[in-house]
Structure formats: structure tokens, C-alpha cells
Amino acid sequence: MIEFRDVSKQFPGSPPVLRSVNLQVPDGDLLALIGPSGSGKSTLLRMVNRLVLPSSGSIWVDGRDVAQADVIALRRSMGYVIQNVGLFPHLTAAENVALVPNISGVPAEQRRARAHELLHLMGLEPATFEGRYPAQLSGGQQQRVGIARALAADPAYLLMDEPFSALDPVTREELQRQVHDLKRELGKTILFVTHDVEEAVRLGDQICLLGQGEVQQVGPPARF
Ligand code: ATP
Ligand code: MG
């Protein structure tokens, strides 16, 4: 479970971004975070893996205060996917995916097998795609590699910040289906930021609407 307890955030010299946010993402759920540009969605997400610190309040993951956690272990326990994946251009698709376990000291053969498995899971046949560089992949394929990479260390949590907003509607729908499957089959707990209410309704077990620095509404999709 990811839990925000009375979380506020103000960047120095700016008005408050978030005020007293209380929110829970139960294990195995996908919480879709929506709200206008600048409403603090990305900021809230980044506090979970401690890329941003709260000004007050606390964030709890698995019953542990993120502020007390070992930051490397914390980030390894959560996959992070952003809009423009940020694949390493000089590494192939398979190498990009194998990178994280590499850092963790997993043997090469095991890393390779895992990278294959994940590319396959994301709908990229390794025989065709493993050796390709990001520049040789479409936007949707790059995003698939990005998700495969986020899954490489088998994290319990996924933090996804508008992962599909740059994609065409068909690719987008395919990837939405894949995220849905990840949740159902692998039991991932997902915090998913999107601009798109339809996407939120399609994917979310819960939807949270942020606005004016506060949680305006939170509940199951049927209520939106
Ligand atoms: P978008 O939908 O456009 O991605 P968002 O809801 O993700 O917007 P955030 O990126 O969380 O919004 O930003 C919320 C507010 O915090 C914005 O006004 C932004 O300018 C401000 N902000 C974000 N990061 C910083 C920072 N490092 N320093 C100062 N202000 C920041
Ligand atoms: Mg954002």
C-alpha cells in the first residue's frame, strides 16, 4: 500500500502546490491521478520515490515511512515510467532492460533471459527487437521498452507519469490493455498520472482528482 498522510508541498519562493493530501493506494490497485496542468500530479508521484520531499506530512509504502527508507532500495522497489521514456540511446532495447539487474549484480545470462521475457511480455518479439537502438524504434515501441525496463527488478509498485500521452490512439489503447494485464496478472500496485479522463476511467480502480492544491474528489470510476 502507498499512503499519503497529510502531505503538503511548497517549493521555496512559490505558492503552495499541495495542501494536506490524504490518499491511499491499496495493494494490487491502480489509482489514476487526474487534474489540470500544474495541479501537482507529478510532484505527488515523485514524492513516493523521494525525487521530491514533502514540506510536511509523510508518505508510507508497505507500512514504512519513505523518509526513513534506504533510497536505493526504495527506488528499486518501484518502477518509474515517464512520458518520454528516457532510454539510453547508446544501448539496445535488451541492454536498456537489463540495466537495472546489472547494477544489482545479477549474472549476465540471467539478465539476458529476463530482458527477453520482459520484451516478449510487452509485445516486442526479442528476435526482432532486442538488438535495436531506441532511434530504430517507434514511440510506442520505445514506451514498451521503458515499461519492460521499469519491470526489470520486479518491483511491487509502478509509478507512471503520463506514460502514453505522446502516443497515437491505437497504440495507446494497446498499452492501456497491457497495463491492465500487469495489474491483474502480476498484481502490481500502480499510481498512474494522466490528463485523460477516459484513460483514468478505463484503468483506475480509484480516481483521484487534484485541483487548487487539494484532493477535490476520490472514488471509483463510476462516480466520475
Ligand atoms: P502537468 O499536467 O503539466 O504535468 P502537474 O500536475 O504534473 O502538471 P507538477 O509538475 O506537479 O504539475 O507541478 C505543480 C506545480 O509545482 C507547478 O506550478 C510547478 O511549476 C511547480 N513545481 C514543480 N516542480 C518544481 C520545482 N522543482 N521548483 C519549483 N516549482 C516547481
Ligand atoms: Mg506532470
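Predicted model: local features only at pLDDT ≥ 70, side-chain atom pairs only at ≥ 80, totals over all residues.

Residues are numbered from 1 along each chain as its sequence is written, chains are lettered from A and ligands numbered from 1 in the order in which they are written, and side-chain values use heavy atoms, without hydrogens and water.

Q: Why is helix 6 called roughly parallel to helix 7?
A: The axes of helix 6 (residues 139-150) and helix 7 (residues 169-186) cross at roughly 15°. Angles under 35 degrees count as roughly parallel, so helix 6 is roughly parallel to helix 7.

Q: Which residues make the contact of helix 6 with helix 7?
A: With contact meaning heavy atoms within 4.5 Å, helix 6 brings G140, Q143, R144 and I147, and helix 7 brings T171, E174, L175, Q178 and L182.

Q: What makes S37 a polar contact of ligand 1?
A: A polar contact is a pair of N or O atoms within 3.5 Å; within protein, one must be able to donate a hydrogen and the other to accept it, and residues adjacent in sequence count only if both atoms are side-chain atoms. An oxygen atom of ligand 1 is 2.5 Å from an N or O atom in the S37 side chain.

Methods:
Axes fitted to C-alpha atoms, helices over the stretch in contact; angles between N-to-C directions. Helix = DSSP H or I, 4+ residues; strand = E, 2+ residues; numbered from the N terminus. Parallel < 35°, antiparallel > 145°, perpendicular 65-115°, else oblique.
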